[in-house]
Amino acid sequence: MRIIAIANQKGGCGKTTTAINLSATLAKSNRTVLLIDMDPQGHSTLGFNIRPEEIGLSVYHVLKEGVFLDDVVLNTGTQNVRIAPSNIILSAIEQEIAGASEKEKKLHNAISMSKKIYDYIIIDCPPNLGILSINALRAAEEVIIPLDVSFFSMHGLGKLLETIEILNRRSGHRLETYILPTMFDRRSRFAREIIEEVKTHFKGVIFNTPIRNCTKLRESVSFGRAVTDYAPNSIGNWDYTGVVEELILQEDPVREARPIAVLSSSIIKNPDRAIQPGFTDNGFLFVYKDPKAAEVKIAGDFNEWMPDKGVMSVRSEDGTWKKIINIKPGSYQYKFCIDGEWKEDPNNPNIVCNKYGSYNSLVVID
Ligand SMILES: Nc1ncnc2c1ncn2[C@@H]1O[C@H](COP(=O)(O)OP(=O)(O)O)[C@@H](O)[C@H]1O
Ligand SMILES: [Mg+2]
């Protein structure tokens, strides 16, 4: 799962247009997407034809009241795109959570507790660097900064990059930063110069596909539709398709590749069939028994190798740990983490070599 924030404290530079159209275009490439609308103006919500004033639960309830993210998510008219909607109530959040503990990590925590796995989470940010944008940047692993190159918009970019740098240092995780030129006019020397200027000063990635000025993009948002659907033959659709191709090229090949060799484990298969991984009514079940273990967690491809992320965990009296996860069909490598030590699943004979020279357990779910 990739978590990408679309941020820039400048209004009108194309954040929402990018959030909506990247989501829809990724979905066209068979990626499942959750779009989180972190802007109280609710433009992403509106852009998928959902009236912000008519929604019930929203991102506000997730951040303020600890409602599960999964419980506020709505379907959009676009297959494979779901949205966590927002409306004006969200504007009160800055004061309301001012004294809360971990106020910058609320979105991160909510995403970690989500039981649903998406290929992409796209977060549309408001036009300021307040608590909502900070939450988005803390939750994300990557940030796309849309940069309006039709006039001198570099002012403010330094401040945003500095904020990202401070957050990187504070949280210890590196936010990959990309710049996406928007409102680009090929004939304008000024726009080309701005892109060259950014290339000189900015060490990160600049998308090769700038988003050109396109009236159809403007129209599609106002009709509550993504451009893939409203105007598939427009330059707006072609440009966002180009950006998605670049994003897909960056996807971790290890994540996509099927394991090369499935070895038979030296560990003897547990004769008790009930203890082997398998489906239950609540999801896919993994079991590990160790009466002496104080803490058993599970991590794998299904939860970005973040121990117990998205996992329902139950320990029985006899020291049997049951881990239930919602997973889609596919092949997954995983390991248990027992009091901080990584181990293969003793109940699963299928293992594969990993890049660290040890083994991961493997399940193939179909
Ligand atoms: N590439 C583009 N070509 C033409 N109009 C655009 C383009 N990108 C965005 N717009 C328009 O510019 C305005 C601001 O864009 P928006 O995505 O809402 O910016 P932000 O979310 O950063 O405030 C909207 O009216 C939108 O339709
Ligand atoms: Mg916006």
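In this predicted model, the shell around ligand 1 comprises seven nonpolar, eight polar and two charged residues. Altogether 17 residues surround ligand 1, and the closest are Gly14, Lys15, Thr16, Thr17 and Arg218. Two helices, H1 and H9 (215-222), each supply at least two residues of this shell.

The composition of the shell is set out by class below.

| Class in the shell around ligand 1 | Number of residues |
|---|---|
| Nonpolar | seven residues |
| Polar | eight residues |

Helix H1 spans residues 15-28 and has 14 residues. From its first C-alpha to its last, H1 reaches 20 Å, close to the 20 Å expected at 1.5 Å a residue. The helix is mostly covered, with 14 of its 14 residues buried. After H1 comes Asn30, whose phi is positive, near 65 degrees.

The setting of these elements is the protein as a whole. Its secondary structure comes to twelve helices and 18 strands. A compact globule of 366 residues would have a radius of gyration near 21 Å, and the protein, with 22 Å, agrees with that value. Along the principal axes, the C-alpha atoms fill a box of roughly 70 × 45 × 40 Å. Of the 366 residues in the protein, 42% are buried. As for contacts between residues at least 6 apart in sequence, 73% join residues at least 24 apart.

Definitions and conventions:
Residues numbered from 1 in each chain as written. Chains lettered and ligands numbered in written order. Predicted model: local features only at pLDDT ≥ 70, side-chain atom pairs only at ≥ 80, totals over all residues. Helix = DSSP H or I, 4+ residues; strand = E, 2+ residues; numbered from the N terminus. Expected span 1.5 Å × (residues − 1). Buried ≥ 20, exposed ≤ 12 C-beta atoms within 10 Å, placed from the backbone. Rg over C-alpha atoms; globule rule 2.2 N^0.38 Å. Contact = placed C-beta atoms within 7 Å. Near = placed C-beta within 6 Å. Nonpolar A, V, L, I, M, F, W, Y, C, P; charged D, E, K, R; others polar.
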